[in-house]
Amino acid sequence: MKMKTGLLYGIVACSKTRVRCIFCGVFIPKASRCIEQHTNGIRHKENVELMNENGITFIDDALHCKPCNRSLPHEESVMMHIDCEDHSNWMAAMEDLVDGEFITLDAYLCCEKDDVFCEVCNSNIECSLQSIEEHVNHINHRSNITDRLKPLNGIFPVSNDHEVWCKVCDAYIENTVPSILNHIDDDEQHMEWFTIIEDLIENQEISIESYLSSEHEETAYCKKCHMEVLCTAQNISSHVHSEAHLNQFGL
Ligand SMILES: [Zn+2]
Ligand SMILES: [Zn+2]
Ligand SMILES: [Zn+2]
Ligand SMILES: [Zn+2]
Ligand SMILES: [Zn+2]
């Protein structure tokens, strides 16, 4: 693989008087000043960024798309390729699959790695729609996701093993992966609490992490005022609207 930087990144020979930028799909006069102007230009840089977000790399004077597993003909620019149906369908399906699954595609898409990484299972997965679909549906992954989500959702073990307790709803839930995930994703009261509180604390520098992860913690923490606030919608609402809190932002 050739170097990813430098003046001639993306530039291939074309004729005696012209070169071609295969990222942008344009011809450029064969003069170093013109080439430099092009490769320093906004459009060229945007196309390099798009390549890094789409698994497209430059190998042996040609573009290669990892998701589509093919080399692109010279006349197919980066823009043309990412708009094509195969590529955009793959990207949409993949983003849908990994949404909320703690799986990061970044290193794959910028061509640093060939695999993707599942953070909750601490393992690499081959980057194909089929193998990722299998991974996210596997009981081990579901169970690791559940363990990761419990402290973010105020869910705690209780003395009997058959149930867990949701602090947010003050409710007992059957201690199985599907019923816990179902509570987190679908329970109306549970979701409403998060909608209201997250709305109140957005951009307010108030943290509810330890409220959710420690069973007996009753307060949220305001990092602006360096003080604890009882973690209820009413108390947080009066705090964020209080003069003391508002004045902290003026400083
Ligand atoms: Zn270019
Ligand atoms: Zn592609
Ligand atoms: Zn996993
Ligand atoms: Zn709940
Ligand atoms: Zn405050």
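This report covers a zinc site and a domain interface in a predicted model. Local features need pLDDT of at least 70 and side-chain atom pairs pLDDT 80 or more, while totals for chains, interfaces and linings use all residues. Residues are numbered from 1 along each chain as its sequence is written, chains are lettered from A and ligands numbered from 1 in the order in which they are written, and side-chain values use heavy atoms, without hydrogens and water.

**Zinc site**

C21 (SG), C24 (SG), H38 (NE2) and H44 (ND1) coordinate the zinc ion (ligand 1) at 2.0 to 2.2 Å. Donors are N, O and S atoms within 2.8 Å of the metal (3.2 Å for Na, K and Ca); water is not among the atoms, so sites may look incomplete. Along the chain the donors of the zinc ion (ligand 1) are spaced C-x2-C-x13-H-x5-H. The site is tetrahedral, with angles of 105 to 116° among its four donor atoms (four donors, all angles between 85 and 135 degrees). Both C21 and H44 are buried (under 20% relative accessible area, 1.4 Å probe, protein chains only).

**Domains**

Bounds come from an automatic or database domain assignment.

| Domain | Residues |
|---|---|
| domain 1 | 11–83 |
| domain 2 | 87–137 |
| domain 3 | 152–186 |
| domain 4 | 193–250 |

The centres of domain 1 and domain 2, taken over C-alpha atoms, are 26 Å apart. Their contact (heavy atoms within 4.5 Å) takes 14 residues from domain 1 and 10 residues from domain 2.

One salt bridge is found across the interface of domain 1 and domain 2, the term meaning a side-chain nitrogen of Lys or Arg within 4 Å of a carboxyl oxygen of Asp or Glu. The side chains of K66 and D114 form a salt bridge at 3.4 Å, N to O.

Note on methods
Tetrahedral: all angles 85-135°; square planar, octahedral: opposite > 155°, others 65-115°. Buried < 20%, exposed > 50% of the residue type's maximum accessible area, 1.4 Å probe, protein only.
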